[in-house]
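Please prepare a report on the salt bridges, aromatic pairs, nonpolar cores and strand pairing of this model.

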Amino acid sequence: MQSRRFSNVAIFALGLAVQLSCNQKSEAPAATTGAAPHAITTAAAPAPGEATFMCTLPSSAVVVGVRDRVLSFGPGGDELWAIKLPDGDTVASAPAAALNSSVYIRGIKAIYSISPDGKILWQAKDDDAASHVKGLVTLGDSTVAVTHGDDSLVSYSELGQPRWPFKLPDGDKIIAPPIVAPNSAIYLRGTSTMYAVDPHGLLTWEKELTDKAIATK
């Protein structure tokens, strides 16, 4: 009797071990870069209320950033590519598309340049977590300029090297993401002043936006 009871217990324990092993296999994390596109897409599904960042490419494809993932879909809905940002980084602002169809992503830790086929071309460290405005704009030569801190704009070359910085004068602060014109002029909004910066980082003009300044026009 005792031998049969021990045998039943052993069989039950063996069955429980197999069940636990199967559960562990079914809950294994999905592979990231280089894995099946659908596995990455599913992992990147946003939670209710979670920020999703998007931009469109000259080809009419769309690029979507959710948490630590960046994906691109063609005009017909086919998934073109999907990547995971390295080093545990997460997307911090809307991506920006250049004229050559490369995409720039701003993470919490770095700036990334991504090729049209979904490969990271370069990354530049930019630990700017305290900044309230995390803007980036692409210029006519397909390079990028990003805000840094609360008072500066930094341009990067096609190889990811800083080209020039522009700092708002008189201790002013950037309060909105920058925008770029067709001639690559960059417009920055300070607390009470509007600034126009040329593609070489030089101030073109500045105008006050106070009620008093507007009333005198």
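Arg-69 is buried, with a relative accessible area of 8%, where buried means under 20% relative accessible area, exposed over 50%, and partly exposed in between (1.4 Å probe, protein chains only). Its salt-bridge partner is Asp-68, with the closest N and O atoms 3.0 Å apart, and Asp-68 is likewise buried, at 17% relative accessible area. A salt bridge here is a side-chain nitrogen of Lys or Arg within 4 Å of a carboxyl oxygen of Asp or Glu. Asp-68 and Arg-69 also belong, together with Lys-84, to a network of salt bridges.

This is a predicted model, in which local features need pLDDT of at least 70 and side-chain atom pairs count only at pLDDT 80 or more, while totals for chains, interfaces and linings use all residues. Residues are numbered from 1 along each chain as its sequence is written, and side-chain values use heavy atoms, with hydrogens and water left out.

The whole structure holds six salt bridges, and the table lists some of them.

| Salt bridge | N to O distance |
|---|---|
| Asp-68 and Arg-69 | 3.0 Å |
| Arg-106 and Asp-126 | 3.0 Å |
| Lys-119 and Asp-117 | 3.2 Å |

The side chains of Arg-106 and Asp-126 meet in one of these salt bridges. That pair links distant parts of the chain, since Arg-106 lies in strand β6 and Asp-126 in the loop between β8 and β9 (136-138), 20 residues apart; helices (H or I, at least four residues) and strands (E, at least two) are DSSP runs numbered from the N terminus. Arg-106 counts as buried at 1% relative accessibility, and Asp-126 does so at 4%. In the salt bridge of Lys-119 with Asp-117, by contrast, Asp-117 is partly exposed, with a relative accessible area of 45%.

Turning to the aromatic rings, those of Phe, Tyr and Trp (its six-membered ring) pair if their centres lie within 6.5 Å, and planes under 30 degrees apart count as stacked, over 60 as edge-to-face and the rest as tilted. By this rule there are three aromatic pairs. Tyr-104 and Trp-122 form a tilted one, at 6.0 Å centre to centre and with 50 degrees between the planes. This pair, too, links distant parts of the chain, with Tyr-104 in strand β6 (residues 103-106) and Trp-122 in strand β8 (residues 120-125), 18 residues apart.

A nonpolar core is a set of buried Ala, Val, Leu, Ile, Met, Phe, Trp, Tyr and Cys residues joined through side-chain atoms within 4.5 Å. The largest such core has 14 residues, and those touching the most other members are Val-63, Val-70, Trp-81, Leu-85, Val-103, Ile-105 and Ile-114. At least two residues of this core come from each of β4 (79-84), β6 and β7 (110-114), and the largest share, three residues, is that of β7. Apart from this core lies another, of 13 residues, including Val-137, Leu-139, Ile-174 and Val-197.

Finally, four strands form an open sheet in the order β13-β14-β15-β16, with antiparallel pairing, two strands being paired if DSSP finds at least two bridges between them. The edge strands, β13 (179-180) and β16 (203-208), each pair on one side only. Two bridges join β13 to the antiparallel strand β14 (residues 186-189), and Val-180 stands opposite Ile-186 in β14.
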